[in-house]
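Hello,

Here is the structure for you to look over. My notes follow below it.

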Amino acid sequence: MADLFIRGATLQGRTVDVLVEGGVVLDVLAHDPARCIEAAQVRDAAGLVLLPSLVDVHVHLREPGLEYKETIATGLTAAAHGGFGRICCMANTKPVNDAGAVTAFMLGQAKKSHPNGPWLHPIGALTMGLKGQDMAPLAELAEAGCVAFSNDGLPVLDSERFRRAMEYAADLGKMVIDHCEDPFLAPGTGVNESALTARMGLKGQPSVGEAAQVARDVLLAGYLKLPVHIAHVSCREAVELIAWAKAKGVDVTAETCPHYLCYTQDAVRGYNTLAKVSPPLRGEDDRLALIQAVNEGVIDFLATDHAPHAMHEKEHPFEEAPNGISWLDTALAKCWELVRAGVIGEERFVMAASTGPGERFGLGVNRFRPGDPADIVLFDPDAVWTVTPEALHSKGKNALCLGETLRGRVVAHYLAGVAVI
Amino acid sequence: MQHDTARSWRHKDLLDISQLSLEDVLLILDTADYFQEINTRPTKKVPTLKGRSVVLFFAEPSTRTKTSFDVAGKRLSADTFSLAKSGSSLQKGESLKDTALTLQAMRPDAIVIRHEQNGAAEFMANRLECSVINAGDGRHAHPTQALLDAYTLREHWGMMAGKTLCILGDIAHSRVARSNVILLNLMGVNVRLCGPRTLMPYGVETWPVTVYDRVEDAVAGVDAVMCLRLQLERQQAGLLPDLREYAARYCLTAGRLALANAHAQVLHPGPINRGLEIAADVADAPESCILDQVAAGVAVRMALLFLHLTRKG
């Protein structure tokens, strides 16, 4: 007897029945209304979209140290409801995740609150305290369970130190993820340098400040013949550099985020702190370049850069408010607007949001082949809901789409065949 | 006259010049004309706003703007209360939101705010029921300064449309320049900007102005020059090699002013750095309107307090 039988779901245009047993996909069959299979649980999924659980390689959970913004438990609950089966959390906690004990604590908290998933994969600090100076104990962090290393939020300015960290991480078989911004040219003001921000009196971050460091990273990766992953790409110049590097055979992957695909710098009008993020929202030309790059595979992955903050922290004048957008609850529904409109193909979306990052970071991947982990999302593409603070499971209510009416919602989520919502 | 004027004012707050129509601006300047006359009387006080309270919330150092609003309020018989950052709960770490809520609970009729953060006035206005008047927020806007500048120029020029004015100096960091560009453009004045590229805002080519990098070209044939105060920290920020070189290239000297039209006015929002952005003899010359600006400031701010505190609905 199968554990789970999903009837009549839509998998990239096909109507299928899915059988799950022992935590893995047993079979995916063309839907047959007459099919009768004995299963512990039968789920009628007519009209629902079948997706592999999403993999987010870039989130910020705030535990340890900043639990008032988010805990590992609340972050994972938001992930479950948002369709994410695996999330990789960055190291900028308090204390910073630059010691094996911190990694072990994170994994323990995850296991305690969500024994059946979603699964947490910590990303260790690249340098001690994220200060960009002394290399963190990368081997210790890897052994404790870190899947990659990053100084996310505080770019490593010293190119020699970044090179050595790349080399050391490569010995461990781990990826280095870089937050690409020249900290002198692009101080974290959370807003793109543009005519609009000049009018608003805000000092902006020019896109060239991001591109300059992308150029450094891809040149280093090519020179060293080592992999590198570029976090949260936001501008056309960075896309063009990544495309150039890929054409040269450099082992580079890159991610962008829902906000760069769905919004532009216009969202900061009225000093809207919910739109304050680093790198900042750019212009329409950048947004279109990113969409094209996702479709062409120049941008490999979609990651949320989920950055929860307490609302009182966002209720400040623009320059005093922290950078970051809460996304785990809403990213799938927001990005599905692009899929529904045909702006991004469904197959490409699945590759960017699930299978691609899963493979690159050595995590579980469900391609709906027999034996794949039964990490399955059932998504109702027609469910209409309004994004209110109460509707979000994350403690971070700082969603950029707050107040918007979205179409599409996760109605069931199975991890290794077990329902997590 | 006063009742008709008040009835036609529809704005709860004054945050930025861009919210105003030309009709709004003319109403403010015409109302200021009325109060300017009061300011020349032996007894310079009228009971118009008796019983109304105005909070002067200046979170950033200010002498002339704060005093100007204080005088304006008192001449209209409003009760004015000062709140500065130093000595207030803001210095103890209170957020601007909590300060807003605290002030709201005291039920003032208007708050005049000066703050170093861009958008601070809008932030307060979104949280307060009373009128909020922006007395300068970061590098964003200084609408009352622009209005008093326009008032001063109108007194000298009569008709504004078709005149040409050059704003000289640190445009990038100037809320005065931003507000003046919008207002003077609205009134039909041709605006030129002049300064080193490091002190020009990104995207200035999209502004309704003509940009110059040589003072001699910029002031040639203009009807007025507005000098901006150079903040001395610009040199430390790497935007200028040194102040001596800045003065040599951009200071408004008598020789440079001579290239402008005869009797061209000289304006400066103050405080001035003599010998840096404006030569001492130019600041004191008959063409200098700097003290006229101060006088106009009181009248314009009286007009603004009157319009906001007596508006209907």
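A:Arg62 sits in the chain A loop between strand 6 (54-59) and helix 1 (72-82); helices (H or I, at least four residues) and strands (E, at least two) are DSSP runs, numbered from the N terminus. This is a predicted model, in which local features need pLDDT of at least 70, side-chain atom pairs count only at pLDDT 80 or more, and totals for chains, interfaces and linings use all residues. Residues are numbered from 1 along each chain as written, chains are lettered from A and ligands numbered from 1 in the order written, and side-chain values use heavy atoms, without hydrogens and water.

A:Arg62 is buried but has no salt bridge. Buried means under 20% relative accessible area, exposed over 50%, partly exposed in between (1.4 Å probe, protein chains only). A salt bridge needs a side-chain nitrogen of Lys or Arg within 4 Å of a carboxyl oxygen of Asp or Glu. The nearest side chain of opposite charge, A:Glu313, is 7.1 Å away. Lys and Arg count as positive, Asp and Glu as negative; His and the chain ends are not counted.

A side-chain polar atom of A:Arg62 lies 3.0 Å from the backbone oxygen of A:Pro308.

Now chain B. UniProt, in an unreviewed entry, lists B:Arg64 and B:Gly270 among its "binding site" residues. Such annotations may be inferred rather than shown by experiment. B:Arg64 lies in helix 3 (residues 64-75). B:Arg64 counts as partly exposed because its relative accessibility is 36%. B:Gly270 is in the loop between strand 9 (265-267) and helix 12 (280-283). At 16%, B:Gly270 is buried.

Best wishes

How values were computed
A polar contact is a pair of N or O atoms within 3.5 Å; within protein, one must be able to donate a hydrogen and the other to accept it, and residues adjacent in sequence count only if both atoms are side-chain atoms.
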